[in-house]
Amino acid sequence: MAAADTTAIKILGTCRIESPVARVLGEKAMHYVGAADKIVLDHRLSGLAGVMKEGAAPPAFELAGPRNKIFFDPSKTRVGIVTCGGLCPGINNVIQGLVRELVHAYGVKTIFGFRYGYQGFIAKYKHKVFDLTLESVAGIHELGGTILGSSRGHQDTEEIVDCLERMNVNILFVIGGDGTIRGAMSIVDEIDRRGSKISVVGIPKTIDNDVMYTDKSFGFDSAYSKAVEFIRNAHVEAKGAPNGVGIVRVMGRHSGFIACHAALASRDANFVLIPEVPFKLEGENGFINCLKRRLDSRGHAVIVAAEGAGQEHIGAADTQIIHRDPSGNHKLRDIGQFLRDTITSHFREKNWEMNLRYIDPSYAIRSVPASPADSIYCWKLSRDAVHGAMAGNTKMLISLWHGEFVHIPMEVAVSARKAVDPEGYLWMSVLEATGQPVQFG
């Protein structure tokens, strides 16, 4: 758990300007958030017992929302928005939400969209900058992907801040995952070194739902809902042939949240494999024999595998070689293809009948438009990101925590990775729904 002194939010200075939000909504409709409003990190009594016994205040995050005084003068404020990393449902919704809140609530007139991630700040790439207006973002919430484009990989921090200063940008909104957030932290450090007053606020984007201190990331509901369709397709295929097996590979490099939620929502999965729970292939209770027993009893089976599952079984000959993508992530080997080939080979050697279908919908899932629920969620994240930035907060993320929107320091958000607890409620629910063993081996 984060300590109380690590949850404080960095601010650029004293807020002296009256917020214009009340003039837009009307005083009776306005509710300002006070600086003292906080949401505790651990809301369970067992989690609070230690600090309460010592008489100390429990670690808590600052509540998000509009402040009655703001740091930036809206009439002079210039804003930048950038999207980085892989695609995810809802990015366009966040862009649209930011623009609408800036214009409607604060009257900000200049909003830049930087193309293709952090490359958009670097002169050598020659990416044009978008002027984001109400007209240019109209209807983009119905589209998948991002109208700004995206990219992965490190870019020179000094050049990024040079660009921000040349364009007189006061606020930068960064939409991205773990690597993007770390890049944003470096940008803030360079801004501080120069003594500039530029706010950097993040909206965490991870289709895997693996950002710490976040109830859920935007796009996650859309992603696992779409995955359900492919699991049902695999179920139909499996039931349509003798000893039919359907394998569906879904996203989840280090965390199996999509696989778990999609399996629970579909109720058609018989085996769920996730990175957090290693499994054995061979042995009396190994995965292969458990699959065979399932086929003998029911005549079909559906396997849902997160992309990071079972990596210990693949490529054992070159385990000393670490391959990374431009974001610095380890390149994973394809667990879906591995399972397909391993199961097919094993059944063929045993002369067991089996008909297998393999489905990999990863890119189809991440590129879909946001669901209605995610669309609402993206709007709320955007709205509170604007409120926080206009108040001069920086080096922070907007997150939903215990059902409330809060400010989280970037350092805290990237301090660890959220993962499925192998002894927790979610995984126990999956085991009960599928009927698979607690462990294979």
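What follows describes a core, a helix pair and one proline.

This is a predicted model, in which local features need pLDDT of at least 70 and side-chain atom pairs count only at pLDDT 80 or more, while totals for chains, interfaces and linings use all residues. Residues are numbered from 1 along each chain as its sequence is written, and side-chain values use heavy atoms, with hydrogens and water left out.

In soluble globular proteins, nonpolar side chains tend to be buried together. A nonpolar core is here a set of buried Ala, Val, Leu, Ile, Met, Phe, Trp, Tyr and Cys residues joined through side-chain atoms within 4.5 Å, where buried means under 20% relative accessible area, exposed over 50% and partly exposed in between, with a 1.4 Å probe and protein chains only. The largest such core has 73 residues, and Ile81, Phe173 and Phe218 have the most contacts inside it. A second, separate core of 39 residues includes Tyr118 and Val414.

Helices (H or I, at least four residues) and strands (E, at least two) are DSSP runs, numbered from the N terminus. Helix H3 (residues 91-106) packs against helix H11 (residues 372-390) at an angle of about 50°, with their axes 8 Å apart; axes are lines fitted to C-alpha atoms, for helices over the stretch in contact, and angles run from 0 to 180 degrees between N-to-C directions.

Pro89 lies in the loop between strand E6 (78-83) and H3, and is buried, with a relative accessible area of 0%. Leaving out residues up to four places away in sequence, Pro89 touches, with heavy atoms within 4.5 Å, residues including Phe218, Ile365 and Pro369. The C-alpha atoms of Pro89 and His141 are separated by 9.6 Å, although these residues are 52 residues apart along the chain.
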